[in-house]
Amino acid sequence: MMDLILASLVRATPLLITGLAVAVAFRAGIWNIGAEGQFYAGAVMAAWIGTRWGLTSPFAALLLVPAAAALAGALWAAVPALLRRRYGVLEVITTIMLNFIAEHLVGFLVHGPLQEAGHTYPQSDPIAEVVRLTPLADSARLTWAFPAAVLLAVLAWVFIERTRPGLAMRAAGANPVAAAVSGRIDVGRVAWVSFLVSGAIAGLAGAAEVCGVTFALYERLSPGYGYTAIAVALFARLNPLAVIPSALFFGALEAGAAALQRSAGVPSVAVYAVEAAVILLVVGLQRARQLSDAR
Amino acid sequence: MPADVGAVAVLAAFLEASVRIATPLGLAALGETVTERSGVINIGIEGAMLAGALASAVAAQALGAASAGFVAGGLAGGAAAALFAFFAVGLRADQIVVGTAITLGATGATGAIYRAAFGATGAALSLPTIAPLRIPGAASIPVIGAALFHQTAPTYLFFIAAPAIWWFIARTRPGLALRAAGEAPAAAEAAGLRVSVIRTRATLFGGLMAGMAGATLVLAQAGTFAERMTAGRGFIAIAIVVLGRWNPLGVFVAALVFGAASALQYAAQALGLTVPYQFFLMMPYAVSLLALAGVGGRAHAPEALGKP
């Protein structure tokens, strides 16, 4: 039982961080379906630093890895953000396309420049000890990334609900036309910055996974965290604080599904059908309530 | 000269592969064109395609006929679209959110059903497949003969559907109603049209086409089903709709461009180029990005697209 709880928390960590990334974007009216690709960008950066930079100081690693991973995620998000801003291209499709490109890029890297020294397996070398996150418990790969992610959720909530730029973001997301007409909000700029921040957060999730759980880069590192993140964020109704329990719920669901597959042979992919049902239930109930209120 | 003969053969094979690869993309994109012209963007067609792929495999094996599989694929795609329409059109929930959920759900459901029915490791299915149909005479035309006249039935369906759908949208009364629902739903409603009915039908048609596209992947190309085998083709189809500027004839050409971009992989192998294969796998997605960047700002989307 304890194992399952720890496994749930480990699984919840990337979901919490990517869930925040999605919540931030959706609140600003950005349909970032690309958390998956931005996650990979952060993971690649962490693996590159961890295997190739020869860092020796844990402090340097602690500062450098998250900053670089966030930058990588933001850069990956900058492509669809730029296409949206400059050419008016809908980000839904471009972010999804970049997810596939990121997956194949990881495939290339682990067969090429970042492949392990033996050139046998399609994965990177294990990352250096100094860039690994300290475990909180002996038996599981639960690290400081989890409480840090909870802190990030609190900070995101404070920013969105209690600051002036957060208000601008909410206004731009809720009604871009009204926000632009008010003359006080540069909607295009708010959308651009929110998009990059969302990508940066998703990039952090990739680094947390490599530095805390897998210690190496390989193909299919993410079992679709960036997509589940959408369910996580919507279930939390895009409230960063509510993303914490939502991520725990989905983390437990996925850890439970993995355990069920081992013990009872129930295919764990079925969990995605459950997640889809949760999304449809949430938006369906929300709409039903709005429609009955309108009457 | 032997070298020329080799180049011609490579070119002919490249064109044949381009059209073959374009077929499922084009079928799905033509369906999505109709859906989007009614004002609905259904990114759940990726899931509809996947559902169609699995249903076609199951039905073709159970009934021993590829044609039965093809029909089942279309129906499964339609069913996925019906679920989308219930939430996105009926309840007017956000189309992007619902479409994402449909795709996620189809990934989970098809994966679970496939593993339950055919085993976790995925023992290779032996399915009845759709064989290429050779049009006598025309198929012998040098270079383009095989590409145009030695293809499977779904490809000929793609050739016929593009002008037929163009004619429907541009020249018929229901086509006019469809455009009205997509451009000015309030006015259409005021003129006595039932916008939600039009949009539901257009969404179902898009799902049917996506389902048949999934069936094409299984029955006319791969000969088997694999989890997540659509690999984003439904999303690429949506990019093709933009590139084709919501015009079925433009979509037809755009689908062929994407087919060619993917077929480059085989041509490059035949020519002995040594580029890591992952870059060829990226090609259709990268082309989608470039195409959207090039066309996105200037193309005129249906006015009410995505608005519930």
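Student: What elements make up chain A, helices or strands?

Tutor: Chain A of this predicted model has 11 helices and zero strands. Read from the N terminus, its elements run α-α-α-α-α-α-α-α-α-α-α.

Student: How do I judge the overall form of chain A, and what radius of gyration does it have?

Tutor: Set the value beside what a compact globule of that length would give. With 295 residues, such a globule would have a radius of gyration near 19 Å, and chain A has 19 Å, which agrees. Along the principal axes, the C-alpha atoms of chain A fill a box of roughly 65 × 45 × 30 Å. Of the 295 residues, 56% count as buried. Take also the contacts in chain A with a separation of 6 or more: residues 24 or more positions apart account for 78% of them.

Student: Which residues are buried in helix H6 of chain A?

Tutor: The general idea comes first. An α-helix has 3.6 residues a turn, so residues three or four places apart point the same way. Helix H6 of chain A covers residues 164-174, and its buried residues are Ala168(A), Met169(A), Ala171(A), Ala172(A) and Gly173(A).

Student: Now for helix pairs. At what angle do the axes of H3 and H4 of chain B cross?

Tutor: The axes of H3(B), residues 66-90, and H4(B), residues 95-118, cross at roughly 150 degrees and come within 10 Å. Angles over 145 degrees count as roughly antiparallel, and H3(B) and H4(B) are therefore roughly antiparallel to each other. Their crossing is right-handed. On the H3(B) side the contact has Ala80(B), Leu83(B), Phe84(B), Phe87(B) and Ala88(B); these meet Gln95(B), Val98(B), Gly99(B), Ile102(B) and Ala106(B) of H4(B). By class, the residues of this contact are eight nonpolar, two polar and no charged.

Student: How far apart are the axes of H10 and H12 of chain B?

Tutor: The axes of H10(B), residues 233-243, and H12(B), residues 277-295, are 9 Å apart, and the helices pack at an angle of about 30 degrees. That angle makes H10(B) roughly parallel to H12(B). The crossing here is left-handed. Ile236(B), Ala239(B), Val242(B) and Leu243(B) of H10(B) meet Pro284(B), Ser288(B), Ala291(B), Leu292(B) and Val295(B) of H12(B). The contact of H10(B) with H12(B) has eight nonpolar residues, one polar and no charged.

Student: Which helix of chain A packs with H10(B), and at what angle?

Tutor: Helix H4 of chain A, residues 91-111, packs with H10(B) at about 135 degrees, with the axes 10 Å apart. That makes H4(A) oblique to H10(B). The crossing is left-handed. Ile93(A), Ile96(A) and Met97(A) of H4(A) make the contact with Phe235(B), Ile238(B) and Ala239(B) of H10(B). These residues divide into six nonpolar, no polar and no charged.

Student: How many residues does each chain give to the contact between chains A and B?

Tutor: The size of an interface is often given as the accessible area lost when the parts come together. Here there is a residue count: 35 from chain A and 38 from chain B. On the side of chain A, the elements that give two or more residues are helices H3 (58-87), H4, H9 (225-235) and H11 (270-294). H11(A) gives the most, with 13 residues. By class, that side of chain A has 27 nonpolar, six polar and two charged residues.

Terms used: Residues are numbered from 1 along each chain as its sequence is written. Chains are lettered from A and ligands numbered from 1 in the order in which they are written. This is a predicted model: local features need pLDDT of at least 70, side-chain atom pairs count only at pLDDT 80 or more; totals for chains, interfaces and linings use all residues. Axes are lines fitted to C-alpha atoms, for helices over the stretch in contact, and angles run from 0 to 180 degrees between N-to-C directions. Helices (H or I, at least four residues) and strands (E, at least two) are DSSP runs, numbered from the N terminus. Angles under 35 degrees count as roughly parallel, over 145 as roughly antiparallel, 65 to 115 as roughly perpendicular and the rest as oblique. A crossing is left-handed if the near helix is turned anticlockwise from the far one by less than a right angle, and right-handed if clockwise. Two residues are in contact if their C-beta atoms, placed from the backbone, lie within 7 Å. Ala, Val, Leu, Ile, Met, Phe, Trp, Tyr, Cys and Pro count as nonpolar, Asp, Glu, Lys and Arg as charged, and the others, Gly among them, as polar. A residue is buried if 20 or more other C-beta atoms lie within 10 Å of its own, exposed if 12 or fewer, and partly exposed in between; C-beta atoms are placed from the backbone. The radius of gyration is taken over C-alpha atoms; the globule rule is 2.2 Å times the number of residues to the power 0.38.
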